[in-house]
Amino acid sequence: FSVKTQDLIGFEALCRGFRNDNMIYPAELFKMASDLGKLDKLEEVCRYSAIDYYKNIKQENKILFINFDMSAIKDKDSLEKFIFNLEGVNSNHICIEIIESKVNFRFLLYAVALFKYYGFLVALDDFGTGHSNYNRLSIIKPDILKLDMSLIRDMHLYTEKQYIVKSLVNLMHNLGGLALAEGIEQEQEFFSCMDLGVDMFQGFLFSKPQCYKSIDLHRLSDDFKSYISKY
């Protein structure tokens with residue numbers, strides 16, 4: 001959700017596995033794939049499935065956020081295969097979420113440059129966890145910095161967290177990008193982020209994960225506007 005538009009601006013694609021109608025959560029699912037040497041295949045299936053579901057929502061003006069595990073990309077050819085195999089989707093409406101620690105930094109810079117060249121948005125995901133590197137922000141210059149929920153959780157109770165979030169928001173604005181707070185679950189967290197100038201939000205306070213067929217865009221927008229009004 002965006003403060004500027006006071007509306008829903010996009011969807012993050014999440015995956016779930018199933019075995020005999022029992023849900024398998026992502027951590028277990030990806031560990032299974034990694035143990036079997038199939039991580040790259042699972043990543044590929046998830047990406048293309050997300051894009052297919054996104055097409056079914058028929059909301060071309062909304063952004064699709066896709067997690068992109070760079071460690072599962074073997075080479076430049078694999079990267080280009082993904083870019084050139086997108087059909088019926090405007091790359092300007094896709095945001096590639098990258099965790100910067102999971103790949104050789106030079107290859108990461110190449111990937112980011114390639115994504116941007118073809119019109120994709122680029123986000124650094126889970127920023128604020130132990131692997132985050134502040135020095136690299138000015139080099140990568142992501143369009144969006146996703147502030148990890150570990151920074152956001154109970155932020156209204158911790159002045160130190162507020163200082164960190166405020167500095168990251170200011171840095172992103174100076175770099176020409178936007179800051180997005182992940183994992184918002186409490187009104188107080190949302191209000192604190194608003195005070196600090198955060199641009200975008202996601203979290204259970206606004207919507208829990210749901211099947212694309214169940215998404216009610218009007219209700220989600222109205223709910224977000226109500227939080228803005230309360231703020």
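In this predicted model, Leu145 stands opposite Ala179, a residue of strand β8. The strands β7 and β8 (residues 178–181) pair in the parallel sense over 4 bridges.

The open sheet is formed by 7 strands, and its pairing is parallel. Their order across the sheet is β1-β4-β5-β6-β7-β8-β9. The edge strands, each of which pairs on one side only, are β1 (10–12) and β9 (200–201). Strands of a sheet pair through backbone hydrogen bonds, and the pairing can be parallel or antiparallel.

| Strand pair | Sense and number of bridges |
|---|---|
| β1 and β4 (residues 63–68) | parallel, 3 bridges |
| β4 and β5 | parallel, 5 bridges |
| β5 and β6 (residues 121–127) | parallel, 4 bridges |
| β6 and β7 | parallel, 3 bridges |
| β7 and β8 (residues 178–181) | parallel, 4 bridges |

Single residues can be picked out to trace these pairings. Gly10 stands opposite Ile63 in β4. Asn67 has Glu97 in β5 as its bridge partner. Cys95 faces Leu121 in β6. Leu124 stands opposite Leu145 in β7, and Leu145 also stands opposite Ala179 in β8.

## Two covered strands

In a regular strand, side chains alternate between the two faces of the sheet. Which residues of β5 lie on each side? Ile94, Ile96 and Ile98 are on one side, Cys95 and Glu97 are on the other, and all are buried. Strand β5 (residues 94–98) is thus mostly covered, with 5 of its 5 residues buried.

Strand β7 (residues 144–147) is also covered on both faces. Ile144 and Lys146 are on one side, Leu145 and Leu147 are on the other, and all are buried.

## Helix α9

Helix α9 (residues 217–230) has 14 residues. At 1.5 Å a residue, the helix should span 20 Å, and its end C-alpha atoms are 20 Å apart, which agrees.

Which residues of α9 are buried? They are Leu217, Leu220, Ser221, Phe224, Tyr227 and Ile228. Seen down the axis of α9, the buried residues fall within an arc of 120°, so they line one face of the helix. These buried residues pack against β1, α8 (187–195) and β9. The face turned away from the buried side carries the exposed residues His218, Ser229 and Lys230.

At the start of α9, a side-chain oxygen of Asp216 comes to within 3.3 Å of the backbone nitrogen of His218.

Asp195 belongs to helix α8. With a relative accessible area of 55%, Asp195 is exposed, because the cut-off for exposed is over 50%. Between Asp195 and Leu217 there are 22 residues of separation in sequence and 26 Å in space, taken from C-alpha to C-alpha.

## Cysteines

How many disulfides does a search of the whole structure find? The search finds 0 disulfides. Cys15 is in no disulfide, and the nearest cysteine sulfur, that of Cys46, is 4.0 Å away. Cys211 is in no disulfide either; the nearest cysteine sulfur to Cys211 is that of Cys15, 14 Å away.

Is Cys15 buried or exposed? Cys15 has a relative accessible area of 19% and is buried, because buried means under 20%. Cys211 has a relative accessibility of 41% and counts as partly exposed.

## Ser2

Ser2 lies in the segment before β1. Its relative accessible area is 8%, so Ser2 is buried. The side chain of Ser2 reaches the backbone nitrogen of Thr5 at 3.3 Å.

With which residues is Ser2 in contact, leaving aside its neighbours within four places in sequence? The contacts are Asp7, Ile9, Asp199, Met200 and Phe224. Phe224 is one of the buried residues of α9, and Met200 falls in the edge strand β9 (200–201).

Methods
Residues are numbered from 1 along each chain as its sequence is written. This is a predicted model: local features need pLDDT of at least 70, side-chain atom pairs count only at pLDDT 80 or more; totals for chains, interfaces and linings use all residues. Side-chain values use heavy atoms; hydrogens and water are left out. Two strands pair if DSSP finds at least two bridges between them. Buried means under 20% relative accessible area, exposed over 50%, partly exposed in between (1.4 Å probe, protein chains only). The expected span of a helix is 1.5 Å times one less than its number of residues. The arc is that of the directions from the helix axis to the C-beta atoms. Contact means heavy atoms within 4.5 Å. A polar contact is a pair of N or O atoms within 3.5 Å; within protein, one must be able to donate a hydrogen and the other to accept it, and residues adjacent in sequence count only if both atoms are side-chain atoms. A disulfide is a pair of cysteine sulfur atoms within 2.5 Å.
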